[in-house]
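Look at the structure first, then read the points below.

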Amino acid sequence: MRTRRLILEAAASVFDECGYERATIGEVVARAGVTRGAVYFHFASKRELAQGVIEGQFEAEAVPERPCKLQEFVDTGMVVTHLVPIDPLVSAGVRLSVDQGAEGHLGFDAAPGWIARLERLLIAAGERGELLPHVVPADTAGLMTASWVGVQLQSQRFTGRADLGYRVSTLYRHLMPSIAVPGVLACLDLAPDRGARVYAEMVAARGRSGTEEAAADREADRTAE
């Protein structure tokens with residue numbers, strides 16, 4: 001599994017820099033520092049590698065649960081926004097999804113996965129009375145995903161993603177009043193640095209979990225002795 005992850009991260013950096021058509025298995029092998037056989041053991045083709053990069057975005061844990069499901073909805077988009085410039089898997093997934101080259105018909109697209117995740121959060125928000133009556137979760141999830149991609153492309157073109165957090169925050173500030181009941185809207189944190197703060201929370205929780213697991217393992221070893 002570690003080798004597979006290493007290969008995926010190397011492939012993501014190659015796809016992100018070169019696009020699908022110009023990326024080569026040889027470059028992935030060189031960056032991963034593994035043999036060509038190791039790559040083909042896990043992925044039969046460049047197409048499978050690209051699909052693995054797309055799917056890799058959804059292996060990470062979800063954002064922390066909140067009493068307000070619409071805050072989770074916002075946090076999901078803001079954490080992805082924070083990760084795009086620093087996580088090759090996320091960045092490459094975006095590029096592969098919007099690449100309109102000759103291989104576009106192969107169907108690399110992260111959007112359905114993100115739409116499904118956002119739709120689940122919106123359904124839960126509706127069940128808790130957080131949504132305005134006219135909101136259709138599937139429609140809003142699709143609109144948000146498409147809008148986020150457009151904002152990301154614009155930010156990449158004009159500022160190299162330097163202002164991506166601000167642009168996505170602006171998107172949420174325009175979208176949320178049209179779907180959230182006033183009492184919930186007033187409590188939402190839509191700040192540009194929201195993604196960075198939530199991601200730091202996730203990293204800290206992951207560290208605590210690892211420490212607790214290590215302590216449990218030591219206790220088990222002492223008990224066995």
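Tyr20 is buried, because its relative accessibility is 7%; buried means under 20% relative accessible area, exposed means over 50%, and partly exposed lies in between, using a 1.4 Å probe and protein chains only. The model is predicted, so local features need pLDDT of at least 70 and side-chain atom pairs count only at pLDDT 80 or more, while totals for chains, interfaces and linings use all residues. Residues are numbered from 1 along each chain as its sequence is written, and side-chain values use heavy atoms, with hydrogens and water left out.

**Around Tyr20**

- The structure holds two aromatic pairs; rings of Phe, Tyr and Trp (its six-membered ring) pair if their centres lie within 6.5 Å, and planes under 30 degrees apart count as stacked, over 60 as edge-to-face and the rest as tilted.
- Phe15 and Tyr20 form a stacked pair, because their ring centres are 5.9 Å apart and their planes meet at 15 degrees.
- Phe15 is buried, with a relative accessible area of 1%.
- The charged end of Lys46 sits over the ring of Tyr20, 4.5 Å from its centre; a charge sits over a ring if NZ of Lys or CZ of Arg is within 6 Å of the ring centre and within 35 degrees of the ring normal.

**Phe73 and Tyr172**

- Phe73 and Tyr172 make an edge-to-face aromatic pair, with 6.2 Å between the centres and 85 degrees between the planes.
- This pair links distant parts of the chain, since Phe73 is in helix α5 (residues 69-83) and Tyr172 is in helix α9 (residues 164-175), 99 residues apart. Helices (H or I, at least four residues) and strands (E, at least two) are DSSP runs, numbered from the N terminus.
- Phe73 and Tyr172 are both buried.

**Tyr40**

- Tyr40 is in helix α3 (residues 36-42).
- Tyr40 is partly exposed, at 39% relative accessibility.
- Tyr40 and Ile25 are 15 residues apart in sequence, and their C-alpha atoms are 9.3 Å apart in space.

**Cysteines**

- How many disulfides does the structure hold? There are zero; a disulfide is a pair of cysteine sulfur atoms within 2.5 Å.
- The closest cysteine sulfur to that of Cys68 is in Cys187, 7.4 Å away, so the two are too far apart for a bond.
- Cys68 is buried, with a relative accessible area of 19%.
- Cys187 is exposed, with a relative accessible area of 64%.
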